[in-house]
Amino acid sequence: MKFFLVTSIVFFHTVYASEYTQTERIHDMQKMAHAMQDIQSGFFYNNIDIVKAGAEELKETIIKIQATEAEKGTKNVYEKWMNNASAMTGRTQKRIRKYADTMLERFEDGDVNQALHVYNRITAECLKCHTTLRKW
Ligand code: HEC
C-alpha cells in the first residue's frame, strides 16, 4: 500500500513537472536576456570565459522554449496557427544554437566584428519571434 502511494506521488510529480508553464517560459526568457547581456559584457571586457558561459546558457535555455500545456490543449481556430508556430520555434531554436557556436568561434579567433555581427543576428531572431508569435 505504501509502495503504491509513493509510486503514485512520484508519477504525479513527474507528469506535473514535465508540463511547461508560462511562468517557466517567462523565467527562461529572462535567463536568455541575461545571457545576452553577459555575452555583450564579455565583448566589452574582452573576456572569452564570460562570452562562453553566456553562449552556453543561451543554448541550454532556448531549447526549452515551447508552447505551454494550456496553449497546446487549445481546440479552437488558432490550433493550426499554433502548430505552425511550433515549427517556427524549432527552426528558430536551431538557428540561435548555431549562431551561439559561430559567435563564440569568431570571438575565439579574435574576429570581434564578426562575433558582434552574429550576436546581432541572434537578437534579430529573438525579436522576430516576439513580433510575430508573442500572442502565441
Ligand atoms: C519562439 C518564440 C520566442 C523566441 C525565439 C524568443 N522569445 Fe522571448 N518571449 C516570447 C514570448 C511568447 C514571451 C512572452 C512571455 C510568455 O508569455 O511566456 C517572451 C518574453 C520575453 C521577455 C520578457 C519576460 C518577462 O519578464 O515578461 C524577455 C526578456 C525575452 N522574451 C527575451 C528573449 C530573448 C533574449 C530571446 C532570444 C535569445 C527570446 N526572448 C526569444 C517568445 C520568444
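Which residues in α2 are buried? The answer is Met32, Ala35, Ile39 and Gly42, where a residue is buried if 20 or more other C-beta atoms lie within 10 Å of its own, exposed if 12 or fewer, and partly exposed in between, with C-beta atoms placed from the backbone. The model is a predicted one, in which local features need pLDDT of at least 70 and side-chain atom pairs count only at pLDDT 80 or more, while totals for chains, interfaces and linings use all residues. Residues are numbered from 1 along each chain as its sequence is written.

The chain has 6 helices and 0 strands; these elements are DSSP runs numbered from the N terminus, with helices (H or I) of at least four residues and strands (E) of at least two. Read from the N terminus, the order is α-α-α-α-α-α. Of the 136 residues in the chain, 14% are buried. Among contacts with a separation of 6 or more, 60% join residues 24 or more positions apart; a contact requires that two C-beta atoms, placed from the backbone, lie within 7 Å.

Helix α2 comprises residues 22-44. An α-helix has 3.6 residues a turn, so residues three or four places apart point the same way.

Two packed helices are described by the angle between their axes and the distance between the axes. For α2 and helix α3 (residues 48-62), the angle is about 160 degrees and the axes are 8 Å apart; axes are lines fitted to C-alpha atoms, for helices over the stretch in contact, and angles run from 0 to 180 degrees between N-to-C directions. The two helices are therefore roughly antiparallel, since angles over 145 degrees count as such, those under 35 as roughly parallel, 65 to 115 as roughly perpendicular and the rest as oblique. The crossing of α2 with α3 is left-handed, meaning that the near helix is turned anticlockwise from the far one by less than a right angle. The residues of this contact comprise 11 nonpolar, 4 polar and 4 charged; Ala, Val, Leu, Ile, Met, Phe, Trp, Tyr, Cys and Pro count as nonpolar, Asp, Glu, Lys and Arg as charged, and the others, Gly among them, as polar. On the α2 side they include Met32, Ala35, Ile39 and Phe43, and on the α3 side Gly54, Leu58 and Ile62.

Leaving aside residues up to four places away in sequence, Met32 touches Leu58, Thr61 and Ile62. The C-alpha atoms of Met32 and Glu57, 25 residues apart along the chain, are separated by 7.2 Å. His34, by contrast, is partly exposed, with 14 other C-beta atoms within 10 Å. The C-alpha atom of His34 is 8.0 Å from that of Gly54, 20 residues apart along the chain.

The loop between α2 and α3 contains Asn46. Asn46 is not a glycine, yet its phi is positive, at about 50 degrees. With 11 C-beta neighbours inside 10 Å, Asn46 counts as exposed. The C-alpha atoms of Asn46 and Val112 are separated by 9.1 Å, although these residues are 66 apart along the chain. Val112 belongs to helix α6 (residues 112-133) and is exposed, with 12 other C-beta atoms within 10 Å.
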